[in-house]
Amino acid sequence: MDLLNTLGGDGAQPGPQSPQCSRKDCRFDATWQVLWNNPKVHAPERRKIWLACDEHRPWLENYLAQRLFWRSTRPLDAGTAPESFSDTAPTRAPSTPDDDPHRRQL
């Protein structure tokens, strides 16, 4: 791993030009912010953000709601950054529940 390239040095790979859906392997433009937190780990006012395209919004909301993590969904206005909350950054969501590293094995 070359840390200098990840910080924007010569040869660094440019990121996407517009916000992309957080669903694994999806490269569609995001149109929604799915806000969530894990109450066992995060303070009540903290919100994490997954970005969603129209197709994957219901899947991401359902995935989080089943775990009692979903808090709200808001539109992502074109040309603006995702809503600011302390210590948030859009992340990639698992593609299936089996990909969830926090899922308990019974």
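This is a predicted model: local features need pLDDT of at least 70, side-chain atom pairs count only at pLDDT 80 or more; totals for chains, interfaces and linings use all residues.
Strand β1 (32-36) is joined to β2 (48-52) by 5 bridges, and the two strands run antiparallel. Within this pairing, tryptophan 32 has alanine 52 of β2 as its bridge partner. Strand β1 also pairs with β3 (residues 70-75), again in the antiparallel sense and over 5 bridges. Here valine 34 stands opposite threonine 73 of β3. Of the 5 residues of β1, 4 are buried, so the strand is largely enclosed by the rest of the structure.

The loop between β1 and β2 contains lysine 40. The relative accessibility of lysine 40 is 70%, and this residue therefore counts as exposed, the cut-off being over 50%. Lysine 40 and phenylalanine 69 are separated by 29 residues in sequence, while their C-alpha atoms lie 9.8 Å apart in space.

Side chains of opposite charge can pair when their charged atoms come close. A search of the whole structure found 1 salt bridge. In a salt bridge, the side chain of arginine 57 meets that of glutamate 61, with an N to O distance of 3.0 Å. Both residues belong to helix α2 (residues 57-66), where arginine 57 and glutamate 61 are 4 residues apart, or about one turn of the helix. Glutamate 61 has a relative accessibility of 17% and so counts as buried, since the limit is under 20%. Arginine 57, with a relative accessible area of 25%, is partly exposed.

Terms used. Residues are numbered from 1 along each chain as its sequence is written. Side-chain values use heavy atoms; hydrogens and water are left out. Buried means under 20% relative accessible area, exposed over 50%, partly exposed in between (1.4 Å probe, protein chains only). Two strands pair if DSSP finds at least two bridges between them. A salt bridge is a side-chain nitrogen of Lys or Arg within 4 Å of a carboxyl oxygen of Asp or Glu.
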